[in-house]
Amino acid sequence: MKLLDKEKAILDGSMGEGMQKALDNLVQLGKAFDAEKLVDITYCHYPAEMAIYRGDVDSLEDLSKYNLKTIVPTTTSTICYDLDDPAITGIPEELANEQRRVYPLHMKMGIDPTYTCTPYLLGYIPAPGSYITSVESSAIIWFNSVLGAKTNRGGIFTKFSALTGKTPYMGYLKDENRKGTHLFNIDLKPENLKSEMDWSLLGFHIGKIVGSEVPVLVLPDSMRRNIRQEWLISLGAALATSGSVTLYHIAGITPEAPSVNGAFQNTKPKDEFTVSINDINDAKHANNTAKSNEIDFVLLGCPHYSYNQLCNVAKLLEGKKIKDGVRFWICTMRGIKMQARWTGVLDIIEKSGAKLVCDTCAVESHMRESTCRHFGLKIPNVTRMITDSTKQARYVKDLIGCEVVLSNIDDCINAAIAGKVDNF
Ligand code: F3S
């Protein structure tokens, strides 16, 4: 690997042991993937250390002992509780105390404690074409596809990138790896794709087919002109759930796809598919595992909700009451919650009995089976959940072990009020 003199000096210890180790990790990663050089990054979305993973918080403490500070703007992914209001999720106190240790350490290292999977909703918008590093598959796919910034799935190595401002030049940082591979003609009507759930089903279907490759979607004109930010967030999250899609293109919408040919960099697709309403229905069916229509948990906000989405929920909840015994979490981040407080949206949501939960979500919380087992909590922690997110439905099944109903937001709200799902 070709290194700059400055990089070689860091490896020789010119900036201390911490920097030496951090850069060495990135060099080893680059060598393993035949990267020719390191490049500078402009932003990092960092994996907040989760107390539900044993040793994760200790590893942060070890890293912080080097007294290093991040040298690019750095946000953090989710933790396992609501930082300002731990009791809102019912997290065991011992676990909350462990998780609490990360906040001062993140502050000391110059990391913005955003604790969210949608940091771009807080204004972290890397420029198109810029190199960044990121964790959280739904954020990675957003940065690559919608913003046109360039990142790989950074994993644990993002920590070292945040501290050194460097990443190996490989994978999705290289233009030739960003070309489309599979063409998807979306043969659907606008009424088939009019909610976050519908778009997440589309993503789930396509992700299952392409695995880790780069799909190019061709939408009917009427749909292309009316596409919403929240729908693209849901689409990307689901593509990265059923597959490990890191980048997609929508011809005429995403920055690297001014046309179908442009998205494929003037090469031929490996394969071509038409998506019909049957595919969407099949994806919905595959993610419903409930054996009865009674529910005790409702989850909205996967990925974390925007202010706009909270306004919509408040409209649907105004004047209504959540049934006793039903837990209703709407997941977002503290910055958006503050905005909701200023405008009275939070008040409407709280009066209904629903909870605006920040910094986490069900599958990132203590409700995971493994964590419940450790703390002697009921397993599964809830019996039957309803959500409008295919990503959440999928992971809840695997990690919390409860039954799941996947349905649209109206059904989720109605189920929260009645304690059961009508359209079952
Ligand atoms: Fe975010 Fe949790 Fe979904 S981290 S993307 S709300 S699974």
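User: Which residues does Gly 236 touch, not counting residues up to four places away in sequence?

Analyst: Contact means heavy atoms within 4.5 Å. By that rule, Gly 236 touches Ile 141 and Tyr 248, leaving aside residues up to four places away in sequence. A word on the source: this is a predicted model, where local features need pLDDT of at least 70 and side-chain atom pairs count only at pLDDT 80 or more, while totals for chains, interfaces and linings use all residues. Residues are numbered from 1 along each chain as its sequence is written, and side-chain values use heavy atoms, with hydrogens and water left out.

User: Where is Gly 236 found, and is Gly 236 buried or exposed?

Analyst: Helices (H or I, at least four residues) and strands (E, at least two) are DSSP runs, numbered from the N terminus. Gly 236 is found in helix H10, residues 229-242. For burial, buried means under 20% relative accessible area, exposed over 50%, and partly exposed in between (1.4 Å probe, protein chains only). Gly 236 has a relative accessible area of 1%, so it is buried.

User: What does Thr 133 touch?

Analyst: Thr 133 is in strand S4, residues 133-134, and is buried because its relative accessible area is 5%. Not counting residues up to four places away in sequence, its contacts are Ile 41, Tyr 43, Cys 44, His 45, Thr 151, Thr 158, Ser 161 and Thr 167.

User: Into which domains is the protein chain divided?

Analyst: Domain bounds come from an automatic or database domain assignment. Here they give domain 1 (5-175), domain 2 (179-285) and domain 3 (288-418). The centres of domain 1 and domain 2, taken over C-alpha atoms, are 28 Å apart. Their contact takes 17 residues from domain 1 and 19 residues from domain 2.

User: Now the ligand. Where does the ligand sit, and which residues come nearest?

Analyst: A pocket is an open set of points on a 1 Å grid over the protein atoms alone, where a 1.4 Å probe fits, with protein on both sides within 12 Å along at least five of seven lines. A molecule sits in one if more than half of its atoms lie within 2 Å of its grid points. The ligand sits in the largest pocket. A residue is near a molecule if one of its heavy atoms lies within 4 Å of it. There are 13 residues around the ligand, and Cys 117, Cys 302, Cys 361, Lys 391 and Gln 392 come nearest. Domain 1 and domain 3 each supply at least three residues of this shell.

User: What is the phi of Gln 265, and what is the phi of Asp 359?

Analyst: Gln 265 has a positive phi of about 50°, and Asp 359 has a phi near 75°. Gln 265 is in the loop between helix H11 (260-263) and strand S9 (271-275), and is partly exposed with a relative accessible area of 35%. Asp 359 is in the loop between strand S12 (355-358) and H16, and is buried at 0%.

Terms used
1 Å grid on protein atoms, 1.4 Å probe; cavity = no way out; pocket = protein on both sides within 12 Å on 5 of 7 lines; lining within 4 Å.
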